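Visitor: I have a few questions about this one. Can you put it up and take me through the charged side chains?

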Amino acid sequence: MNMEWLAGAIDYGVIGLLGVLSVIVVAIGVERLLYYRSVDIRQVDDIKALELALTRKLFVIASVASNAPYLGLLGTVFGIMLTFYRMGQNAAIDTAQIMTGLALALKATAVGLAVALVAVALYNLLQRKAKVMLLEWEIAHG
């Protein structure tokens with residue numbers, strides 16, 4: 001069984017998916033921030049409707065934040081599997097080839113962690129902003 005496809009699966013599959021997810025997270029974050037700026041809480045009559053509107057789409061950011069490290073870890077497992085496969089196929093494998101394979105594996109983990117860090121920070125920022133707006137509504141409406 002040839003496992004060379006794993007190199008492409010790591011680069012284009014795992015890291016590519018993480019890249020797409022990071023773009024989605026940032027796009028939702030920007031959209032939410034622009035929405036928060038446009039909301040006039042004095043014009044809103046129902047706090048539950050306001051809460052729904054403010055927290056819409058935040059679950060996507062939370063889901064990416066919690067799962068991106070696992071996607072990166074999956075890429076790491078694939079990379080280590082590929083490295084061991086190459087070592088098994090070539091008994092005289094060079095140390096540089098082993099290190100290159102492990103670097104590819106760790107690249108996936110690093111990207112997963114970077115995406116998760118951005119998503120967590122953005123989620124916390126948006127959650128805080130939504131909570132402040134809800135409290136301001138309660139203060140304004142007694």
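This is a predicted model: local features need pLDDT of at least 70, side-chain atom pairs count only at pLDDT 80 or more; totals for chains, interfaces and linings use all residues.

Visitor: Which side chain does Asp40 meet in a salt bridge?

Guide: That of Arg42, at 3.0 Å from N to O. A salt bridge here is a side-chain nitrogen of Lys or Arg within 4 Å of a carboxyl oxygen of Asp or Glu. Arg42 is exposed, at 63% relative accessibility.

Visitor: How many salt bridges are there in the whole structure?

Guide: Three. Shared partners join Glu31, Arg32 and Lys57 into one network.

Visitor: What are the distances in that network?

Guide: Glu31 and Arg32 pair at 2.9 Å, N to O. Glu31 and Lys57 pair at 3.6 Å, also N to O.

Visitor: What does the pair of Glu31 and Lys57 tie together?

Guide: Parts that are 26 residues apart in sequence, because Glu31 lies in helix α1 (residues 5–38) and Lys57 in the loop between α2 (47–55) and α3 (58–89). Helices are DSSP runs of H or I with at least four residues, numbered from the N terminus.

Visitor: And how accessible are the members of the network?

Guide: Arg32 is buried, at 3% relative accessibility. Glu31 is partly exposed at 28%, and Lys57 is partly exposed at 34%.

Visitor: Changing topic. Where is the kink in α1 centred?

Guide: On Gly16, and the kink is about 30°. The bend at a residue is the angle between axes fitted to the seven residues ending there and the seven starting there.

Visitor: What about the span of α1?

Guide: The end C-alpha atoms of α1 are 48 Å apart, which agrees with the 50 Å that its 34 residues should span at 1.5 Å a residue. The expected span is 1.5 Å times one less than the number of residues.

Visitor: Last one: what is Thr83 in contact with, leaving aside its neighbours within four places in sequence?

Guide: Ile98, Gly101 and Leu102, where contact means heavy atoms within 4.5 Å. Thr83 lies in helix α3 and is buried, at 4% relative accessibility.

Key: Residues are numbered from 1 along each chain as its sequence is written. Side-chain values use heavy atoms; hydrogens and water are left out. Buried means under 20% relative accessible area, exposed over 50%, partly exposed in between (1.4 Å probe, protein chains only). Helices (H or I, at least four residues) and strands (E, at least two) are DSSP runs, numbered from the N terminus.
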